[in-house]
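Student: Hi, could you walk me through this fold? I'd like to start with the sheet and then go inside.
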Amino acid sequence: MNYDAEARRTPLPLNRHLGEPAIVVGLDGSGTSWDAFAWAAGEALRTNGRLVAVYVMPFSDPTAALGVPYDYGAAQESRQELAAEIEAEAEHRAHETGVQLTFVSEFGDAIGTLSGVARQVDARLVVVGRSAKRWHRLTGSLGHRLTCRKDAPVVVVVP
């Protein structure tokens, strides 16, 4: 499988929105990520800012590492469909609240992608929802690992 990350990257608008604070929010379709989206949208309204919603698609499925037969084409199509559904829902919610939204969908790992987008848009804040997965207590959650980086202040929304 030939994979070109740059060809699949969703480009961000080149024009900088001077004076408008950018708030990056991580979305994965879970309830806690939508809570984070709602909080970030409210913060964008309060600060006259704009919202950059980021959906990160993993490179591969964990079952592929276990030797289970895996249909990469169908999996990629499924990820693209899920990204389109999340984008449509995010645009609907942003329109309801009256906040300016940019949606970014990329393949990669959540930490690197969120940090990269935050640097690219000069984000003043990164917002994520609290992980509900039990194994994150051992490996560290996305919110915890983001707070260890110095890209932008991080808010973890706990419902």
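Tutor: Happy to. One definition before the sheet: two strands pair if DSSP finds at least two bridges between them. Also keep in mind that this is a predicted model.

Student: Okay, in what order do the strands of the sheet come, and is the pairing parallel or antiparallel?
Tutor: The order is 3-2-1-4-5 in an open sheet of five strands, and the pairing is parallel.

Student: Which strands stand at the edges?
Tutor: Strand 3 and strand 5 (154-157) do; each has a single partner strand, so one side of each is left without a neighbour in the sheet. From one strand to the next, the twist averages 25°.

Student: How many bridges join strand 4 and strand 5?
Tutor: Four bridges, in the parallel sense. In strand 5, Val 157 stands opposite Gly 129.

Student: And which strands does helix 2 touch?
Tutor: Helix 2 packs on the sheet and touches strand 1, strand 2, strand 3, strand 4 and strand 5. Its direction makes about 170° with that of strand 1. Helix 4 packs on the sheet too, touching strand 1, strand 2, strand 3 and strand 4, with its direction at about 155° to that of strand 2.

Student: Let's go inside. Which residues of the largest nonpolar core touch the most other members?
Tutor: That core has 23 residues, and the ones touching the most other members are Ile 23, Val 25, Leu 27, Phe 37, Leu 51, Phe 103 and Val 127. Strand 1 (22-27), helix 2 (31-46), strand 2 (50-57), helix 3 (72-97), strand 3 (100-107) and strand 4 (125-129) each supply at least two residues. Helix 2 gives the most, with six.

Student: What is Val 25 in contact with, leaving aside its neighbours within four places in sequence?
Tutor: Its contacts include Phe 37, Leu 51 and Val 127, along with Ala 36 and Ala 40. Apart from this core lies another, of 14 residues, among them Val 52, Val 54, Val 126 and Ala 152.

Student: Switching topic: how many aromatic pairs does the structure hold?
Tutor: One. The ring centres of Trp 34 and Phe 37 are 5.6 Å apart and the planes are at 75°, so the pair is edge-to-face; the cut-off for that is over 60 degrees.

Student: Is Trp 34 buried or exposed?
Tutor: Trp 34 is buried, with a relative accessible area of 10%. Phe 37 counts as buried as well, at 2%.

Student: What lies over the face of Trp 34?
Tutor: Arg 93, at 4.3 Å from the ring centre. Over the face of Trp 39 lies Arg 46, at 6.0 Å from that ring centre.

Conventions: Residues are numbered from 1 along each chain as its sequence is written. This is a predicted model: local features need pLDDT of at least 70, side-chain atom pairs count only at pLDDT 80 or more; totals for chains, interfaces and linings use all residues. Side-chain values use heavy atoms; hydrogens and water are left out. A nonpolar core is a set of buried Ala, Val, Leu, Ile, Met, Phe, Trp, Tyr and Cys residues joined through side-chain atoms within 4.5 Å. Buried means under 20% relative accessible area, exposed over 50%, partly exposed in between (1.4 Å probe, protein chains only). Contact means heavy atoms within 4.5 Å. Axes are lines fitted to C-alpha atoms, for helices over the stretch in contact, and angles run from 0 to 180 degrees between N-to-C directions. Rings of Phe, Tyr and Trp (its six-membered ring) pair if their centres lie within 6.5 Å; planes under 30 degrees apart count as stacked, over 60 as edge-to-face and the rest as tilted. A charge sits over a ring if NZ of Lys or CZ of Arg is within 6 Å of the ring centre and within 35 degrees of the ring normal.
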